[in-house]
Amino acid sequence: MPTLVGVFEQPLAVAELARHLRQRGFEELEIYSPVPSHELDRALDEKPSRVRIFTLIGGLLGVTTGYAMTVWMSLDWPIMIGGKPYASVAPYTVIAFELTILLGGLFTLLGLFVVGRLPYGRFGKTDPAYHPRFSAEEFGLVVRCRDRDVSEVDGLLRRASAKEVTLVEA
Amino acid sequence: MTPPPALPVAALMQPDVEMPDSAANRALLSPLGRPSLRYWALLGVAVATVVYGLSVWMYQIYAGMGVAGYAHPVFWGVYIVTFVFWVGIAHAGTLISAILYLFRSKWRNAINRSAEAMTVFAVATAGLFPLIHLGRVYRAYWLLPYPNERGLWPNFKSPLLWDVFAISTYATVSIVFLFVGLIPDIAIARDRARGWRKLLYPALALGWHGTARQWKAHNRTVLHLSGLATPLVLSVHSVVSWDFAMSIVPGWHATIFAPYFVAGAIFSGMALVLTVVIPIRRIYGLEAYITDYHFDNMAKFILLTSTIVGYAYVTEYFIAWYSAVETERTSFFLRAFGPYWVSTWIMITCNAIFPQLLWFKKLRTHVPSLFAIAFLVNIGMWFERYVIIVGSLSTEYDPSVWVTYTPTWVELSILAWSFAWFSMFFLIFLKLFPVVAIAEMKEIVIHEKEHAPRRGDVWNHAHTFGEIH
């Protein structure tokens, strides 16, 4: 299928056009952006990122591990220290807290990899539509469409103030 | 066969045009260029000192802890002082990258990368010291809860074990934070890499294309890591302070310790960020990105935390007097007028008095003065920990066992090693990765382009960027 790339200066134009194209039934879209942008975050997918589920699971796992590990280990070989109960929850909160952060952080990283699909592609190779200008200051909107829609999409891209439109795959 | 496209395909295909690179990329990737002779000289000195320090450490492992200046009852000396010092340094990085991120303080963008890198290297330096202090370093793993033939588990009621968990969590989360922030910038470097760097950056960029999906996951990740790191940064130095405060040593057993240590940590960290960033800005000509506005803000942080630290000093003395506990009163009297009076007065002047000069805007924006004050703060904060740790231990309850502790050449060599170790990592980092977060700086450039006519934005463009557009 032909793939068209429009080069833009502003994220807002890209986001609006992407939404418009999706309404017109073009589903195979991709956006390249040199910077994080909240407009683009919602352009292809309105739902909040699923990374948050990973953080939640990691954090809950951490706090449970923290308390379970310390309490079980204290009871496994009971030693009286400072006249305190064998398993004293108050000081163990420090351990549980640190493990919440540790596992929460590591699971968030895992979330980035899973949700963001990283590592991506082959070593040293980039997608055919990608260009180093998209890690400079320009934005790219990639549309895969049927042959007969090429001229329509080209028109839409240009009308939405694309600086350039390139056909990367015929 | 599908019908032919309405436009001839050939007309749409364009030859590869000369890449229009952004000014930000060019300026901020420039430090990655060929290292100068001065860079190699600096790195050489750092590596040589590290090698020297490692050999001194090996000598200490071989000869035993007697070669350190420990004198009963002072069994915590320069090593623990230096440990606390470096953990404290690490805190500015997380403050800048996480807390200021949550507060949407855009000025952090210019310094967050160097501060995050400093965090990682400072924790890596701090982490060495409990091992050095341990003596029998080959038994360090006993600290971890692992199933063993003795059937024993570590004592989770001990603040020292909390420290193990706090510091290792801190190290891990800081590395994750630094790496996640670096991914888009490594991709920028990948797209422009030459030579051997063509092997390094693709491997580390993980195939980052800056797609909408990747950025969306990335934004969330940074937000959540910031949310996790914010309580972490407050907890880590609190836990370190409890190593002292949970004991009953006069001068340590105080409830003020956690906030006092956290403020001191941010204070010293900010000062070291300034000490490192001021030369980098000058050497690589990054004045357009790291402006006086940023220095002014950091100076205000130093001023605030200096005031908190100074207030804590006054409180400590007041409570020692007001408590009417003989040992507390003696301990604090001896700090100021006993054998460690020099250290104490260095600490008070460098931490609580000189930084107060930053009330003057002239000094906050005068780079040499700022550098001098930041440098003095670094010295003062090392002495603060020296006074707290050594001063309190050497004059505990029973005057008959009071001693005067003096660091030996072994301890001072290892102290020098710690600075060289930190600098070595930082110098290597400087040549491998962008020291200013490029994507975040460009976010502001592009945002400004979009809203160019609007005035009175949350922050002043001119302040932050100078003439770069």
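## Helices across the sheet of chain A

Helix 1 (residues 11-23) of chain A lies across strand 1, strand 2 and strand 3 (139-144) of chain A, and helix 1 runs at about 15° to strand 3 of chain A. Helix 5 (residues 150-159) of chain A lies across strand 1, strand 3 and strand 4 of chain A, at about 5° to strand 1 of chain A. Axes are lines fitted to C-alpha atoms, for helices over the stretch in contact, and angles run from 0 to 180 degrees between N-to-C directions. Two residues are in contact if their C-beta atoms, placed from the backbone, lie within 7 Å.

Please keep in mind that this is a predicted model, in which local features need pLDDT of at least 70, side-chain atom pairs count only at pLDDT 80 or more, and totals for chains, interfaces and linings use all residues. Residues are numbered from 1 along each chain as its sequence is written, while chains are lettered from A and ligands numbered from 1 in the order in which they are written.

## The sheet itself

The sheet of chain A is open and has four strands in the order 2-3-1-4, with antiparallel pairing; two strands pair if DSSP finds at least two bridges between them. At the edges are strand 2 (29-32) and strand 4 (164-169) of chain A, each of which pairs on one side only. From one strand to the next, the twist averages 20°.

Strand 1 (residues 3-8) and strand 4 of chain A run antiparallel and are joined by five bridges. To find this pairing in the viewer, look for A:V5, whose bridge partner in strand 4 of chain A is A:T166.

## Two domains in chain A

Chain A is divided into domain 1 (3-46 + 120-169) and domain 2 (51-115), with bounds that come from an automatic or database domain assignment. The C-alpha centres of domain 1 and domain 2 of chain A are 44 Å apart.

A cis peptide bond joins A:L118 and A:P119, with omega about -10°. A:P119 sits in the loop between helix 4 and strand 3 of chain A.

## Where the chains meet

The contact between the chains takes 74 residues from chain A and 61 residues from chain B. On the side of chain A that touches chain B, helix 1, strand 2, helix 2 (38-43), helix 3 (51-76), helix 4 (89-115), helix 5 and strand 4 of chain A each supply at least two residues. Helix 4 of chain A gives the largest share, 17 residues.

By class, this side of chain A has 39 nonpolar, 19 polar and 16 charged residues. Here Ala, Val, Leu, Ile, Met, Phe, Trp, Tyr, Cys and Pro count as nonpolar, Asp, Glu, Lys and Arg as charged, and the others, Gly among them, as polar.

## Residues to look up in chain B

B:S331 is in helix 11 (residues 326-337) of chain B. B:S331 is buried because 24 other C-beta atoms lie within 10 Å; a residue is buried if 20 or more other C-beta atoms lie within 10 Å of its own, exposed if 12 or fewer, and partly exposed in between, with C-beta atoms placed from the backbone. Leaving out residues up to four places away in sequence, B:S331 touches B:P250, B:G251, B:A320, B:S392 and B:T395. B:S331 and B:T395 are 64 residues apart along the chain, and their C-alpha atoms are separated by 6.4 Å.

B:A63 is in helix 3 (residues 37-63) of chain B and counts as exposed, since it has 11 C-beta neighbours inside 10 Å. In chain B, a cis peptide bond joins B:H72 and B:P73, with omega about 5°. B:R104 has a positive phi near 55° and lies in the loop between helix 4 (78-102) and helix 5 (112-134) of chain B.

## How confident is the model?

The model scores ipTM 0.93 and pTM 0.89. Chain B has a mean pLDDT of 87, and 92% of its residues reach 70 or more; pLDDT is the predictor's confidence in each residue, from 0 to 100.

In chain B, pLDDT stays under 50 over residues 3-17 and also over residues 454-469. Where pLDDT is low, the predicted coordinates should not be read in detail.
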